[in-house]
Amino acid sequence: MSKKEWFDEWFNTIYYHILYKHRDYEEAAAFLDHLIEYFNIAPAAKILDLACGKGRHSIYLNQKGFDVTGVDLSEENIKFASTKQNDSLHFAVHDMRNVFATEEFDYVFNLFTSFGYFDSKEENLNVIDATIQSLKPGGKFLLDFLNPYVVVNNLVHEEDKTIENIHFNIQRKYTDDEFIVKNIIVDDHGQHYEYQEKVKAIRRADFLAYFDKIDLKVIDIFGDYELSEYKAEESQRLIFVIEK
C-alpha cells in the first residue's frame, strides 16, 4: 500500500477542524458577497467549490440562490457536507488533480489557500488544467492563495494553543525547496499525534507562468477579501481571476 500524503491524513482528522475552528465565518461570507457582486453572478449560474472542506462556502453560495457543487479529497469532510445536500447543492469526494466534469461550470472557486499542496510543479499545473477543463467556454476561475512574501517574512516559528482541552504545538519553517511547513503535535489527554501541513510558496510570477503555459487570460489580481489591489510587500492574499 502506498504511503498516504500529508493532506490525506491531516484533513481527515477531527484535530484539523478543532485547530481552525476560530476561522472567521463573517469574513468568509463578506468575501463571497464581494465575489457575487464582482462577477454579477446570474441566478442560473453553476459554481464548483474546489477543495470545499466541510462545505461552509458551498452552503453559503447555495443559500444565495446558486447551483453549487463542492468537491474535496477528504471523505470525512464530504460525509459531513453531504448531510446539507439539496436539489441545487451537491458534494463529492474528488482529487483536484483530475477533471471533475468537462465544461459544466460557469465559475470555479478555489478558496482560502486550498492550492500548492503538491510536491511538483507538474501536479500544480495539472490542478489548474483540470480546473479549466471543468469550466464552460468563457467561464471564470478564482484562485485565492496566501501572499508568500508576507507569510514568509512574518513566519511565527513556534506557538502553543489549547483548544477544547487539547494541546497543539505548532512549529513552522520555510524550507530550501520553498515550502511553508507546519509540524503539528497534538496532545489529546495523553494521546500524542503528529501531523504536517505543507504549502508551496508560489509567487505571483510563478502563477503567471503557470497560466501563460496553458494560454489563460488573467483578468484581475487582488490582495485581500475586499478585492483591493495586490501589493507584494503588504497584501495578505494573492487572488487571481482567470477567464477560460
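The exercises below, each with a worked solution, concern a predicted model.

Residues are numbered from 1 along each chain as its sequence is written. Because the model is predicted, local features need pLDDT of at least 70 and side-chain atom pairs count only at pLDDT 80 or more, while totals for chains, interfaces and linings use all residues, and side-chain values use heavy atoms, with hydrogens and water left out.

**Exercise 1. Describe the largest nonpolar core and the surroundings of Phe168.**

Begin with the terms: a nonpolar core is a set of buried Ala, Val, Leu, Ile, Met, Phe, Trp, Tyr and Cys residues joined through side-chain atoms within 4.5 Å, where buried means under 20% relative accessible area, exposed over 50% and partly exposed in between, with a 1.4 Å probe and protein chains only. The largest such core has 52 residues, and those with the most contacts inside it are Trp10, Phe168, Phe207 and Phe211. Strand E5 (residues 135–146) gives the most to this core, namely 5 residues; helices (H or I, at least four residues) and strands (E, at least two) are DSSP runs, numbered from the N terminus. Apart from this core lies another, of 29 residues, which includes Ala45, Ile47, Tyr107 and Leu142. Turning next to Phe168, and leaving aside its neighbours within four places in sequence, one finds it in contact (heavy atoms within 4.5 Å) with residues including Tyr15, Ile18, Leu19, Ile163 and Ile184.

**Exercise 2. Work out the strand order of the sheet that contains E6, and identify its edges.**

The sheet is open, has 4 strands in the order E6-E7-E8-E9, and its pairing is antiparallel; two strands pair if DSSP finds at least two bridges between them. Its edge strands are E6 (158–163) and E9 (191–200), each of which pairs on one side only. Neighbouring strands are turned by 20° against each other on average, direction ignored. Within the sheet, 10 bridges join E8 (residues 179–188) to E9, and Val181 stands opposite Lys198 in E9.

**Exercise 3. Characterise the packing of helix H6 against helix H8.**

The axes of H6 (residues 121–134) and H8 (residues 204–213) come within 10 Å and cross at roughly 60°, the axes being lines fitted to C-alpha atoms, for helices over the stretch in contact, with angles from 0 to 180 degrees between N-to-C directions. At the residue level, Lys121, Asn124, Leu125 and Ile128 in H6 meet Tyr210, Phe211 and Lys213 in H8.

**Exercise 4. Determine which residues of helix H4 are buried, and what they pack against.**

In H4 (residues 56–63), the buried residues are His57, Ser58, Tyr60, Leu61 and Asn62. These pack against helix H3 (25–39) and against strands E1 (46–50), E2 (67–72), E3 (89–93) and E4 (105–110). Just after H4, Gly65 takes a positive phi of about 105°. Of these partners, E1 is itself mostly covered, with 4 of its 5 residues buried, and E1 pairs with E2 in the parallel sense over 5 bridges, Leu48 standing opposite Thr69 in E2.
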